Amino acid sequence: MEPEIKILREAVDEEGGKTACYTINGEYREHHPLSANAEYWKKMFNLKIFADDTFIITYARVGTTLMQTILLSLLSKDFASDQLFKSSPFIEYKTDTYDGIDVTDSCQRPKLLKTHLSKTLMPTEYFQQKPKSVIVVRNYYDCMVSNYNFYLDNPFLKRLYKDLTFDQFYELFVDKEMHACGSWFQWHKVWLEYATTIGKDHCLIVNYKDLVEDKVATVEQIARFLGISASQESLKKVEEDSDFKAMQTRFNDVGIKNFIRKGENNKGIEKFSEQQLTLFKEKVEKELGELVNLIKM
């Protein structure tokens with residue numbers, strides 16, 4: 001696939017930090033300017049993938065770090081805040097100090113990889129090698145509210161929108177489908193469609209609601225899917241390691257305020273007006289059809 005990049009705008013803060021808004025093959029992105037070039041995306045599309053890799057595939061703010069912590073704990077790997085992106089490379093993340101592609105290439109096999117990429121932007125070999133993949137989904141009201149808070153707290157995204165209100169973010173997220181990870185609707189439609197059809201043998205859909213409300217049983221399901229031994233002792237350790245208060249302490253130095261929030265389910269609904277709730281729900285059902293039933297509220 002030949003990458004086609006279109007730069008839409010670039011935001012610069014008082015310290016000179018930059019964030020680029022661009023499209024890659026028509027898909028909207030908000031990322032570091034270093035990722036907004038064709039050579040970078042050629043490397044991404046050609047990234048070497050192995051059948052024994054494990055992927056955590058998520059839209060932003062659906063429990064990605066929670067899932068990384070759970071799997072790294074099960075695998076007895078380092079999940080300290082300064083080691084997380086080394087133990088579980090973020091394949092498309094690119095900054096002045098981190099190159100997810102290079103870290104992935106140098107990571108020892110078997111690899112535990114993280115991505116927010118849409119299906120259409122994944123490395124070509126992903127679909128040839130068919131590595132085991134855990135796709136995490138979350139109540140869409142909670143997902144949007146968590147993303148709104150993330151835009152307020154993340155300096156990288158905050159510089160894009162000054163004094164961003166919830167109503168303004170609703171318009172961006174729901175109406176214009178503009179987000180760092182692209183359209184929520186398209187992302188979920190395509191990945192859920194794949195995971196329930198030609199990708200069903202190597203993809204497992206996991207709901208954030210189950211991770212929060214029935215963690216042990218959900219972790220056991222994930223372990224069986226991945227072929228990982230899960231003793232009662234290791235399950236207890238996973239519970240302790242992935243406790244939200246423990247994670248808040250562990251990841252309080254990543255440079256983003258409230259990076260780990262409350263770990264609650266179905267609380268975001270309180271933020272919306274009745275009209276917003278109705279219109280959001282109608283659009284989700286229209287865009288996803290029966291696939292929406294895979295997302296637990």
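Which residues in α2 are buried? I looked this up before anything else. My list for α2 reads Thr64, Thr65, Leu66, Met67, Gln68, Thr69, Ile70, Leu71, Leu72, Ser73 and Leu74. Buried means under 20% relative accessible area, exposed means over 50%, and partly exposed lies in between (1.4 Å probe, protein chains only).

**Ground rules**

I am working with a predicted model, where local features need pLDDT of at least 70, side-chain atom pairs count only at pLDDT 80 or more, and totals for chains, interfaces and linings use all residues. Residues are numbered from 1 along each chain as its sequence is written, and side-chain values use heavy atoms, with hydrogens and water left out. I take helices (H or I, at least four residues) and strands (E, at least two) as DSSP runs, numbered from the N terminus.

**Helix α2**

I noted that α2 covers residues 64-74. This helix is mostly covered, with 11 of its 11 residues buried. Next I looked at what follows α2, and found Ser76 with a positive phi near 55°.

**The sheet**

In what order do the four strands of the open sheet stand? I read it as β5-β4-β6-β7, with parallel pairing. Two strands pair if DSSP finds at least two bridges between them. I then checked the edges. They are taken by β5 (112-115) and β7 (203-207). Each has a single partner strand, so one side of each is left without a neighbour in the sheet. On average, neighbouring strands here are turned by 20° against each other, direction ignored. For such angles, axes are lines fitted to C-alpha atoms, for helices over the stretch in contact, and the angles run from 0 to 180 degrees between N-to-C directions.

I went on to one pair of strands. Strand β4 (residues 54-58) is joined to β5 by four bridges, and the two run parallel. Ile56 stands opposite Lys114 in β5.

Which helix packs on the sheet? I found α9, residues 184-195. This helix touches β4, β6 (132-137) and β7. The direction of α9 makes about 135° with that of β6. Contact means heavy atoms within 4.5 Å.

I looked for a cis peptide bond. The one from Arg109 to Pro110 is cis, with omega near -5°. Pro110 sits in the loop between α4 (100-106) and β5.

Asn25 has a positive phi of about 50° and is not a glycine. I placed Asn25 in the loop between β2 (18-24) and β3 (27-31). Its relative accessible area is 30%, so Asn25 is partly exposed. Glu177 is not a glycine either, and its phi is positive at about 55°. I placed Glu177 in the loop between α8 (166-175) and α9. At 24% relative accessibility, Glu177 is partly exposed.

**Tyr151**

Is Tyr151 buried or exposed? With a relative accessible area of 2%, Tyr151 is buried. I found this residue in helix α6 (residues 140-153). Leaving aside neighbours within four places in sequence, Tyr151 is in contact with Glu30, Leu157, Lys158, Tyr161, Leu164, Phe169, His179 and Ala180. I also checked Val174. It is 23 residues from Tyr151 in sequence and 15 Å away in space, C-alpha to C-alpha.

**Salt bridges**

How many salt bridges does the structure hold? I noted 13. A salt bridge is a side-chain nitrogen of Lys or Arg within 4 Å of a carboxyl oxygen of Asp or Glu. Side chains of opposite charge can pair when their charged atoms come close.

I looked up the pair Lys48 and Glu125, which meet at 3.7 Å, N to O. Lys48 is in the loop between α1 (38-45) and β4, and Glu125 is in the loop between β5 and α5 (126-129). The pair links distant parts of the chain, 77 residues apart. Lys48 is partly exposed at 40% relative accessible area, whereas Glu125 counts as buried at 19%.

Then I turned to Asp210 and Lys296, a salt bridge of 2.9 Å, N to O. Asp210 lies in helix α10 (residues 208-213) and Lys296 in the segment after α14 (274-288), so the pair ties together parts 86 residues apart in sequence. Lys296 is partly exposed, with 38% relative accessible area.

My last entry is a network. Salt bridges link Glu2, Glu39 and Lys42.
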